[in-house]
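Morning, everyone. Please put the model up on the screen, and I'll walk through it.

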Amino acid sequence: TLSSSSAASDVYKRQHNTDIVIAGGVDTVQNPFGYLCFSKTQALSPTGQPRVFDAAADGIVISEGVVMLVLKRLADAERDGDRIYAVIQAVGGSSDGRAMGLTAPRPEGQVLALQRAYAKAGFSPTTVELFEAHGTGTVVGDRAEALSLSTFLEAEGAKLQSHAIGSVKSMIGHTKATAGVAGLAKVALALYHQVLPPTLGVTQPNPKARFGEGPLYINSE
């Protein structure tokens, strides 16, 4: 879910002769209906703990969030002397309509999305030290995501346990409409400060996700 302030952008453009977009995700809707819907899909964690990628993960913990991004062309940001946290090199996606639904991800489709994104980006995924996952804390979703990424990295020649995988949801829960933007903000800050943020709540990595025998590891510190 994206929202933008066109008025603020127009004023900035007139003053600075450049384009700027303020976009983000907002989710401040915690109500009984939302809990009812998630409960019917059996997605909620009975323990109330978002243990992403852990062997004992039992579901999501929903929460609220507001995250806003300032987006600008790189050349304009460099010219204006802006503080640059990160650069978006490419975007990739895939959907063939053959999956069972939102809660049953297909690893084949996820691998295709990764292939498309890195083909556009122009650099090898084996140079990436941290992958921010959707990582909701659901057993099926987390396993599919980790296996997809492992398969993709191995095909690119990645070394054993050379890439960290994490999810901001382990820190703040599943903020729904804000979730993707929160993950993007986390990665941008990680790049800027040159720090690998930890993934919390993992005592035993999920063995079915091939942690320990593939290119991915979970950094807990």
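Let's start at Arg 106, in the loop between helix H3 (74-80) and helix H4 (107-121). Helices here are DSSP runs of H or I with at least four residues, strands are runs of E with at least two, and both are numbered from the N terminus. This is a predicted model: local features need pLDDT of at least 70, side-chain atom pairs count only at pLDDT 80 or more, and totals for chains, interfaces and linings use all residues. Residues are numbered from 1 along each chain as its sequence is written, and side-chain values use heavy atoms, with hydrogens and water left out.

Is Arg 106 buried or exposed, or in between? Its relative accessibility is 32%, so Arg 106 counts as partly exposed. The cut-offs: buried is under 20% relative accessible area, exposed is over 50%, and partly exposed is in between, with a 1.4 Å probe and protein chains only. Leaving aside neighbours within four places in sequence, Arg 106 is in contact with Asp 96, Arg 98 and Ala 99. Contact means heavy atoms within 4.5 Å. Then take Ser 148. Arg 106 and Ser 148 are 42 residues apart in sequence, yet 8.6 Å apart in space, C-alpha to C-alpha.

Next, Ser 150. It sits in helix H5 (residues 139-155). With 1% relative accessibility, Ser 150 counts as buried. Setting aside neighbours within four places in sequence, Ser 150 contacts Arg 210, Pro 215 and Leu 216.

Pro 125 is in the loop between H4 and S4. At 2% relative accessibility, Pro 125 counts as buried too. What does Pro 125 touch, not counting residues up to four places away in sequence? The list is Tyr 118, Phe 131, Phe 152, Leu 153, Glu 156 and His 163.

Three strands, in the order S4-S5-S6, form an open sheet with parallel pairing. Strand S4 (130-132) and strand S6 (216-217) are the edges, each pairing on one side only. Two strands pair if DSSP finds at least two bridges between them. S4 and strand S5 (residues 163-166) run parallel and are joined by three bridges.

**Helix H7**

Helix H7 (residues 179-193) has 15 residues. From first C-alpha to last, H7 reaches 21 Å, close to the 21 Å expected at 1.5 Å a residue. That expected span is 1.5 Å times one less than the number of residues. Which residues of H7 are buried? Among them are Ala 179, Val 181, Ala 182, Gly 183 and Ala 185. Lys 186, Ala 188 and Ala 190 are buried as well. The buried residues of H7 pack against strand S2 (20-27), strand S3 (65-72), S4, S5 and helix H6 (169-172). Just after H7, Gln 194 takes a positive phi of about 55°.

**Aromatic pairs**

Now the rings. Rings of Phe, Tyr and Trp (its six-membered ring) pair if their centres lie within 6.5 Å; planes under 30 degrees apart are stacked, over 60 edge-to-face, and the rest tilted. By this rule there are four aromatic pairs. Phe 53 and Phe 211 have ring centres 5.6 Å apart and planes at 80°, so the pair is edge-to-face. It links distant parts of the chain: Phe 53 is in the loop between helix H2 (32-40) and S3, Phe 211 in the loop between H7 and S6, 158 residues apart. Phe 53 and Phe 211 are buried.

Tyr 118 and Phe 123 are also edge-to-face, because their planes are at 85°, with centres 5.7 Å apart. Tyr 118 counts as buried at 18% relative accessibility, while Phe 123 is partly exposed at 35%. Ring pairs link Tyr 118, Phe 123 and Phe 152 into a cluster.

**The cavity**

Last stop. How many cavities of 30 Å³ or more does a search of the whole structure find? One. A cavity is a set of points on a 1 Å grid, over the protein atoms alone, where a 1.4 Å probe fits but cannot get out; lining residues have an atom within 4 Å of a point. The largest cavity holds about 40 Å³ of space. Its lining includes Phe 53, Asp 54, Asn 206 and Phe 211. Asn 206 lies in the loop between H7 and S6, and is buried at 10% relative accessible area.

Key
On a 1 Å grid over the protein atoms alone, a cavity is a set of points where a 1.4 Å probe fits but cannot get out, and a pocket is an open set with protein on both sides within 12 Å along at least five of seven lines; lining residues have an atom within 4 Å of a point. Grid points are joined across faces, edges and corners, and a volume is the space filled by probe spheres set on the points.
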